[in-house]
Amino acid sequence: AGRLAAARDVMASKVRHAVGEREVVNGDLVLRNVEVVYQRSIVGLYDVSLEVAKGQIVALIGANGAGKSTTLRAISGFIGLDNAKVTKGEVTYKGE
């Protein structure tokens, strides 16, 4: 648990540096507790939250099947192409 906390602190420091030491509270792009379900029973995303400020660059990384593409499709609105839907949470861009 100690190494995980240390890694989290390093990443938080890098994020603060990347956005000029300002705290990101209400980003231009906000995902709050997003859940995506495929075919009414397969959970593709569970409780995903993130905020992206104007000018910030973000990379989604993870293993195959981790939800990277599903996250981007939920953001873009192309989620229904595979009989999937956002069942919980919200995705907002510039407050809308």
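Select Glu51 to begin, a residue of strand β2, which spans residues 42–52; strands here are DSSP runs of E with at least two residues, helices are runs of H or I with at least four, and both are numbered from the N terminus. This is a predicted model, in which local features need pLDDT of at least 70 and side-chain atom pairs count only at pLDDT 80 or more, while totals for chains, interfaces and linings use all residues. Residues are numbered from 1 along each chain as its sequence is written, and side-chain values use heavy atoms, with hydrogens and water left out.

Glu51 has a relative accessible area of 21% and is therefore partly exposed, a class that lies between buried (under 20%) and exposed (over 50%), with a 1.4 Å probe and protein chains only.

Next, select Leu29, Leu31, Val34, Val36, Tyr38, Leu45, Val48, Val52, Ala74, Ile79 and Ala84, the eleven residues of the largest nonpolar core, a core being a set of buried Ala, Val, Leu, Ile, Met, Phe, Trp, Tyr and Cys residues joined through side-chain atoms within 4.5 Å. Strands β1 (29–38) and β2 each give at least two residues to this core, and the largest share, five residues, belongs to β1.

Stay with Leu31, whose contacts (heavy atoms within 4.5 Å), leaving aside neighbours within four places in sequence, include Val48, Thr71 and Val91.

Finally, move to Leu60, in the loop between β2 and α2 (68–76), where a relative accessible area of 34% makes Leu60 partly exposed.
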